[in-house]
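Here are my comments on the model you sent. They are meant to be read with the structure open.

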Amino acid sequence: MGVGTIVAFPLLFLLVILLAVMMIQFERFYFAYLLLISYLLVLNVFNTVDLSLPLVVVFGCGILSLLFKRQQLLAGKWLIGLSVVLVLLGVLAFYAPSTGIRTTLTNWSAPVRNALNARGFYQALQHVTPSGPSRTGFSENDGQLGGPLLDDNTILFEATQQRSSYWRVESKDFYSGRGWENTAPEQSQFSRRSPLEHGTTFYQHAFSEPEESTVHFFNHGIYVPLPYGRSIVQATEGTTGFVFLEETGRVNFIDSNNGEKEILNQWSTPDYQLSDLAMIQPQLPLESQVDYLQLPNELPARIRDLAESLTANEETMLGKVTAIENHLKNNSDLRYSKVDTDFPPENQDYVDHFLFDSQVGYCDNFSTAMVVLLRSVGIPARWTKGFAPGDAGQVDSDTTVYTVRNQHAHSWVEVYFDSYGWLPFEPTPSFSNPDRPSTENSSAPADTAEESTDEVDQDTISSEAAESSFEEQSADQETDQRSPENRTLTVLLALAGVIAAGFFVGRRYLLSLQISWFNRFSKEPARRIYPLILKQVEKSIPRQPSETLRAYGKRVEAAESLFTGRFISFIDCYELMLYNKKEFEPLSTSELNDLVSITERLKKN
């Protein structure tokens with residue numbers, strides 16, 4: 001027996017004794033059952049145990065205890081009502097996960113869970129619970145994708161530059177049906193003392209004017225995230241040079257320690273428009289030995305069928321790419337969530353499970369699905385990972401400091417266009433690709449613009465419009481869903497506060513509301529109302545076990561001057577009613593209202 005078991009057993013035993021004492025001696029039924037339900041919920045969170053049935057049983061026992069206390073258990077309608085409630089709870093506990101009820105409740109409460117995730121709530125739980133597989137932020141191992149992604153707000157690096165950008169780390173080419181790997185473990189690589197020129201391998205066109213970017217690394221690994229375009233990187237602090245992996249485009253620091261580092265980057269973005277890509281046909285990069293059309297042999301046929309149906313009316317490569325991108329980005333059947341994403345079943349393809357079964361995922365799901373769909377129609381694509389732009393903080397009119405945290409880890413898609421190289425595309429909802437060029441081509445030659453088909457322009461414009469509709473809420477980063485989630489959470493908290501305030505205010509007048517209800521709908525209101533008034537008075541002035549009603553009435557009038565002459569009359573009527581005396585005549589409405597008013601005043605005091 002371990003130390004934990006030795007400590008846990010007496011604590012659990014003391015909890016049982018406490019519950020028994022509160023229920024039997026002090027009759028604190030509500031608090032006792034609340035404590036027990038809370039304990040079961042803690043077990044459920046920290047040990048991932050399905051406690052649906054125990055919670056139903058405890059809830060049912062709570063109702064039974066309440067009825068015992070009110071001496072209403074034997075009433076036929078209460079027994080029938082209790083049975084119906086317990087049956088419904090049992091059905092919900094066992095069958096709700098397989099019905100639309102769970103989906104509806106999950107979708108409705110998703111903003112609250114996402115907001116908690118953005119604030120690190122689930123990340124904190126992960127530190128103290130020994131079970132429950134999950135992923136947190138940037139990961140080096142992508143062989144098994146799926147499961148919840150927990151936000152971690154640890155700062156990785158800060159970049160000072162003029163424009164926002166995705167921070168590219170590496171690409172992966174081999175899709176196993178479960179995740180991503182690289183097929184070239186011995187890919188060409190070389191070490192170089194700074195400076196290092198990067199990002200010009202396949203791109204054969206003009207670049208924009210360069211800008212200077214400074215990146216300072218804190219809690220960080222060995223990888224060097226770089227923006228898209230041509231970078232001339234120079235180490236200025238904490239490192240002496242870089243290692244470049246040509247096939248994946250990854251750059252590592254030569255020094256593998258995790259100390260603070262700083263680099264200076266002369267950065268130029270590619271200068272092209274989407275219309276320049278209109279006439280390019282699918283072609284694998286000639287210099288590469290990697291098959292960027294690879295797919296598992298057992299890939300489900302319905303994935304290929306979907307890809308072909310989405311691109312059937314598109315004549316160009318760019319049209320097909322944007323058609324698939326738009327489908328994933330704007331499909332109302334696919335829901336974005338980091339915390340609600342689950343692992344696919346053991347024998348099911350990751351993309352197949354996402355597109356057709358769960359339909360819930362985050363960037364890894366959407367980006368992987370796009371790569372697989374593109375490859376299914378013969379378009380070379382690869383899965384790329386890195387970071388969203390980060391939290392922007394203005395320094396001056398020209399320069400911005402972007403703070404990139406672990407929770408900004410992101411993945412997207414790169415598609416190969418001949419002579420332009422690997423270009424980024426963004427299929428994840430609520431994201432806007434900062435490296436996507438403009439649709440207009442004012443600087444392009446006239447013949448190139450004329451070659452662009454109307455169909456391609458329409459697809460491109462619709463894609464741009466779809467992305468711009470998300471810009472306000474995304475601000476170019478994955479965690480910017482927090483803005484609408486914050487509003488939703490605020491509304492929910494405000495609503496809960498109003499309900500709680502209404503309850504605490506309304507409970508003072510609960511007796512009046514109950515009496516009004518019985519006067520209007522009960523056939524014998526006196527038999528309902530009189531016990532309520534007596535019970536409320538007894539809460540303020542307790543009645544002794546052996547004390548007669550008349551003796552108690554005299555003591556109440558002596559203790560509370562406002563009752564003088566009224567409570568004895570009430571007791572007389574109550575006794576006549578109890579013993580079914582023919583001369584029983586209920587109190588008048590005014591007399592009854594006076595009693596209720598005094599009783600409510602006692603409750604306030």
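**Notes on the strands and the helices packed on them**

1. T368 belongs to helix α10, which covers residues 363–376. This is a predicted model, and the points below should be read as such. T368 counts as buried because its relative accessible area is 0%, and the cut-off for that label is under 20%. Setting aside residues up to four places away in sequence, T368 touches L145, Y175, W180, Y350, V351 and W383.

2. Four strands make up an open sheet in the order β4-β16-β19-β20, and the pairing is antiparallel. The edges are β4 (167–172) and β20 (421–425); each has a single partner strand, so one side of each is left without a neighbour in the sheet. On average, neighbouring strands in this sheet are turned by 40 degrees against each other, direction ignored.

3. Within that sheet, β16 (residues 381–387) and β19 (residues 409–417) are joined by seven bridges in the antiparallel sense.

4. Helix α8 (residues 317–330) lies across β19 and β20 and runs at about 160 degrees to β19.

5. Strand β18 (residues 400–405) pairs with β3 (residues 155–161) through six bridges, the two strands running antiparallel. In this pairing, F157 stands opposite V404 of β18.

6. β18 also pairs with β17 (residues 391–394), in the antiparallel sense and over four bridges. Here the bridge partner of G393 is V401 in β18.

7. T399 sits in the loop between β17 and β18. What does T399 contact, leaving aside its neighbours within four places in sequence? The contacts are T160, Q161 and Q394. T399 and Q162 are 237 residues apart along the chain, yet their C-alpha atoms are separated by 4.6 Å.

8. In the cases listed here, β3 with β18, β17 with β18 and β16 with β19 are antiparallel.

How values were computed: Residues are numbered from 1 along each chain as its sequence is written. This is a predicted model: local features need pLDDT of at least 70, side-chain atom pairs count only at pLDDT 80 or more; totals for chains, interfaces and linings use all residues. Side-chain values use heavy atoms; hydrogens and water are left out. Two strands pair if DSSP finds at least two bridges between them. Buried means under 20% relative accessible area, exposed over 50%, partly exposed in between (1.4 Å probe, protein chains only). Contact means heavy atoms within 4.5 Å. Axes are lines fitted to C-alpha atoms, for helices over the stretch in contact, and angles run from 0 to 180 degrees between N-to-C directions.
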